[in-house]
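Thanks for coming, everyone. I'll walk you through one structure today. Please have a look at it first.

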Amino acid sequence: HAIPTRHQVVGAATQRRYLNQFICKAPQSSIPQDVSPSSSPATLPRFRLAVKDNIATASSDLPTTCASRFLPSYKSPFEATIVTQLRARGATVVGKTNLDEFGMGSHSVHSAFGAVVNETDGNGQGDGPRLSAGGSSGGSAMAVAAGEADVALGTDTGGSVRLPAAYTGVVGFKPSYGMLSRHGVVPYANSLDTVGLLAPSAAAISDLVIGRRSNSKSSLWAEHDPKDPTSLLPAARERCAQHRRGYHEDRAEDWPSTLQGLTFGIPLEYNIEELDPCIRDAWAAAAALVRHELNARIVPVSLPSTRHALSAYYVIAPAEASSNLAKYDGVRYGRRANDDTSDSDAADGVLYAASRGQGFGEEVRRRILLGSYTLSSEAMDNYFIQAQRVRRLVRRDFDRVFALSNPLAPEEDRSFDLSDLPDHVVLEDKFGPSEVDFLLCPTAPTLPPRLEDVFQQKSPVDAYMNDVFTVPASLAGLPAISIPIEVSATSGNVSQQPSNNVAGMQLIGQYWDDARLLAVADRMA
Ligand code: GLN
């Protein structure tokens, strides 16, 4: 169960062929020839950045399509703050990457530009089955895995950076909610949306987000964006940082130079029946690695609301999506239905319905219908309101296991009344002591499935299942990272799946503990 080094991960990537990861590329002439992550440290390190196509770029060569037929050539009049921030730190945008339309999906197959393909050749002959690249930031993950970008931007609402990272053998980081600016990111579900980064190593991400010195004011984590109403205010950022510093000082830890002696929690509820045995083996190997390399303590913990998190997510995210996507009406934005609707038809809403019917793909229409239903007066109490309650319980579960308390958690969260829940939601109160620094669990229950099998899935719920380990951290707004762990071919539990022999392991931290999370992830690679 050796942990692959950065070199091995990149080496494995070059043996594979990747298709369809870019929607459009910047003209070669606009990319300076000396762009390389290893430029002289005296100058600003320059790097190639791939940008998920639901993040606005202002160059006329780079439209922002969200992989939707609704926005076939939309040119944003402004650039997303995160792109501007990264350009100021040496990035050159090399292209816009393919995704599930508006970020809705887990395999990057729901795209107007066709599916992203992770074509592995398990035997080195190039004739292996085509695998899922994960979604929805599958194109960004592939751009990094194939070496076409040094860093890629993705969005992570319920796992869309972490899952593709896991399926393609790269590192995928989802920051604390409100840390990185979302101005210029096309919203999917505002209360969950985050901008995430993908790279071959956690160190590359940490350099950008945290900076080389963790208190560096020029680091991305410190930058409030007044244009994003969910961007944490400077005072709140300072409070969160103080809170974390207080904790480290209490523990008299010489952080970050040492990360020895931390406690890692293994959430028992994540050991589900559907977990592929080879992923379970990789999980055990990862636990052994942190015990050995970081002198860490491993403890079992319980997050009892976990099994309700997926259902809550698939109520909340579509509800917010249905509201966000209402603006695509064929009048103000994007595609207008080109059938012969007369003006009076348009007044009756025919133009609106026809534009939406033609412009949105099947999965997006499903989410809109689902969201509109759960927000309707008939269903609101049973779905949307219950899902919000489960969300609070998920957050409370996390707060109960972490040693560091949540700097934003209001006291009332801890005294949540269980009797508020409907009878069929049974929660056992079996938390351990609050002693954990990080949670360690798989990113996905299986290795990447064959694309062929994804296309044949009978129910969309089969794809939703992939998000079972990623949505809890999203519901709670916590930082999480997926790192590649090699799956041993000699494991007694070799998977039946074709694979690139890399599984994603996830580390989840307390709110605003992103710097330590990235440092630990870096030490594991
Ligand atoms: N797969 C999840 C969904 O379809 C997550 C998507 C995301 O994080 N953007 O909603």
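**A walk through the fold**

Let's begin at one glycine. Leaving out residues up to four places away in sequence, G154 touches K52, S137, S140, S160, V161, G196 and L198. Keep in mind that this is a predicted model. Where does G154 lie? G154 is in strand 7, which runs over residues 151-156. Is G154 buried or exposed? G154 is buried, because 34 other C-beta atoms lie within 10 Å, and 20 or more is enough to count as buried.

One more link from here. S136 is 18 residues from G154 in sequence, and their C-alpha atoms are 8.3 Å apart. S136 belongs to the loop between strand 6 (130-132) and helix 3 (138-145). The peptide bond from G135 to S136 is cis, and its omega is near 5°.

Now step back to the whole chain. The chain has 525 residues, and 51% of them count as buried. It holds 16 helices and 14 strands.

What is the order of its strands? It is an open sheet of eleven strands, ordered 2-4-3-7-9-8-13-14-12-10-11, and the pairing is mixed. Strand 2 (22-25) and strand 11 (297-301) are the edges, each pairing on one side only. From one strand to the next, the twist averages 30°.

Look at one end. Strand 10, residues 263-267, pairs with strand 11 in the parallel sense, over five bridges. There, G265 stands opposite V299 in strand 11.

Two helices on the sheet deserve a mention. Helix 2, residues 81-88, packs on the sheet and touches strand 3 (47-52), strand 4 (91-97), strand 7 and strand 9 (194-199). The direction of helix 2 makes about 145° with that of strand 4. Helix 16, residues 514-524, also packs on the sheet. Helix 16 touches strand 8 (171-174), strand 12 (438-442), strand 13 (480-486) and strand 14 (502-509). Its direction makes about 150° with that of strand 14.

Now helix 5, residues 202-209. Seven of its eight residues are buried, so helix 5 is largely enclosed by the rest of the structure. Which residues of helix 5 are buried? They are A202, A204, I205, S206, D207, L208 and V209. What covers them? The cover includes helix 2, strand 7, strand 8, strand 9, strand 13 and helix 16. After helix 5 comes G211, with a positive phi near 90°.

In soluble globular proteins, nonpolar side chains tend to be buried together. The largest nonpolar core here has 140 residues, and L49 and V171 touch the most other members. Helix 8, residues 306-324, gives the most to this core, with ten residues. Which residues does L49 touch? Setting aside residues up to four places away in sequence, L49 touches L86, A91, T92, V93, V94, A149, V151, A152 and L153.

Let's move to helix 12, residues 381-401, where A387 lies. A387 counts as buried, because it has 21 C-beta neighbours inside 10 Å.

A67 is not a glycine, yet its phi is positive, about 55°. A67 sits in the loop between strand 3 and helix 2. It has 31 C-beta neighbours inside 10 Å, so A67 counts as buried. N295, also not a glycine, has a positive phi near 55°. N295 sits in the loop between helix 7 (277-293) and strand 11. Is N295 buried or exposed? N295 counts as exposed, because it has 12 C-beta neighbours inside 10 Å.

Last stop, the ligand. Which residues come nearest to the ligand? Of the 14 around it, the nearest are G103, S106, T157, G158 and S160. That shell divides into three nonpolar, nine polar and two charged residues.

Terms used: Residues are numbered from 1 along each chain as its sequence is written. This is a predicted model: local features need pLDDT of at least 70, side-chain atom pairs count only at pLDDT 80 or more; totals for chains, interfaces and linings use all residues. A residue is near a molecule or strand if its C-beta atom, placed from the backbone, lies within 6 Å of it. Ala, Val, Leu, Ile, Met, Phe, Trp, Tyr, Cys and Pro count as nonpolar, Asp, Glu, Lys and Arg as charged, and the others, Gly among them, as polar. Helices (H or I, at least four residues) and strands (E, at least two) are DSSP runs, numbered from the N terminus. Two residues are in contact if their C-beta atoms, placed from the backbone, lie within 7 Å. Two strands pair if DSSP finds at least two bridges between them. Axes are lines fitted to C-alpha atoms, for helices over the stretch in contact, and angles run from 0 to 180 degrees between N-to-C directions. A nonpolar core is a set of buried Ala, Val, Leu, Ile, Met, Phe, Trp, Tyr and Cys residues joined through C-beta atoms within 7 Å.
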